[in-house]
Amino acid sequence: MAIFATVVRCGSFAAAARELGLTRAVVSHHVGALETRLGVPLAQRSTRSFSLTPAGEAFRVHCERLLDEAFDGLRGMELLRAEPQGEVRLTCSHHFGNKRILPALLAFRRRYPAIRLHIAMGDANVDLVQQGVDLAVRAGPLPDSTLYARPLVHEATLLCASPAYLKRYGMPTTPEELKQHRWVVYPPSQRHTQIQVDGARIEIPVQGDIVTDSAVSRLAFVLAGEGIARLPMYDAAAPLAAGELLRVLPQAVTAPLDIYLVHSRKIGPGAKLLRDFLLDAARNNGW
């Protein structure tokens, strides 16, 4: 597959043979073996011309991706032999950033002290290309298909409220009762939330006197008794254990919070090191 990708990039078997340090016959043999394995012709060639078949054009994408990954691996190993330098720009939310990303960044700095980090914390999504950002930590599905999104966190969520709120307004025992309650609305665009009870999906209207664009504020208002909210487990676990929060409608299943590490197709070596470092931190530390 790497040889076929090289043939495509060089435009001929002869040029690919020179690039790879092989004979033209060896290059042709490998492409022929690949065609036999796939059961379709990948290229039309003669002594003077070379062109891809439709199958070859489709398969070329996979082969070039394989070759790019291989070169990325080689460049990564080269980086390990020398101290990486440069600047990496990353954006993430205040709340998740302080809880999970900041400790990982401190560890990254200890390993790569010559890489400068430019960290922008805020809950608003920014245009990575326009703002010159290398990496972004984002929640939810990614609408822009031109960016790569690598799964970072898959976090359970649950409905919570403070004992003070539930004493004042009562503990809802059915989805219908839940629809009458006050919410701490986050993000500001939220109008409904879905729950699943006994296999049935139910849409719950979300309305209340507190609307915020900050996950930090959401947690603070819920703890203060201002309403119900769907909280990720990393927010809810400690207050639940301390009795500062109670779980609302425990039989209701809420959607998990999916957080991704997002970047454009072309990023620098420092950004690749930080990307891989964060992915390893999430995997090894059970984020």
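**Exercise 1.** Leaving aside neighbours within four places in sequence, which residues is Phe96 in contact with?

*Solution.* A word before we start: this model is predicted. Once the neighbours within four places in sequence are set aside, Phe96 is in contact with Ile101, Val137, Leu152, Val153, Tyr234, Ile259 and Trp287.

**Exercise 2.** Find Ala252 and decide: is Ala252 buried or exposed?

*Solution.* Begin with the loop between β13 (246-247) and β14 (253-254), where Ala252 is found. Its relative accessibility is 4%, and buried means under 20%, so Ala252 counts as buried. Now check its surroundings: not counting residues up to four places away in sequence, Ala252 touches Ile195, Gln196, Val197 and Arg247. Ile195 is 57 residues apart from Ala252 along the chain, yet their C-alpha atoms are separated by 5.8 Å.

**Exercise 3.** At what angle do helices α2 and α3 pack?

*Solution.* Take α2 (residues 13-20) and α3 (residues 24-38): they pack at about 105°, with axes 8 Å apart. Angles of 65 to 115 degrees count as roughly perpendicular, so α2 is roughly perpendicular to α3. Then list the partners: Phe13, Ala14, Ala17 and Leu20 in α2 meet Arg24, Val27, Ser28 and Val31 in α3. Sorted by kind, the residues of this contact are six nonpolar, one polar and one charged.

Terms used:
Residues numbered from 1 in each chain as written. Predicted model: local features only at pLDDT ≥ 70, side-chain atom pairs only at ≥ 80, totals over all residues. Heavy atoms only, no water. Contact = heavy atoms within 4.5 Å. Helix = DSSP H or I, 4+ residues; strand = E, 2+ residues; numbered from the N terminus. Buried < 20%, exposed > 50% of the residue type's maximum accessible area, 1.4 Å probe, protein only. Axes fitted to C-alpha atoms, helices over the stretch in contact; angles between N-to-C directions. Parallel < 35°, antiparallel > 145°, perpendicular 65-115°, else oblique. Nonpolar A, V, L, I, M, F, W, Y, C, P; charged D, E, K, R; others polar.
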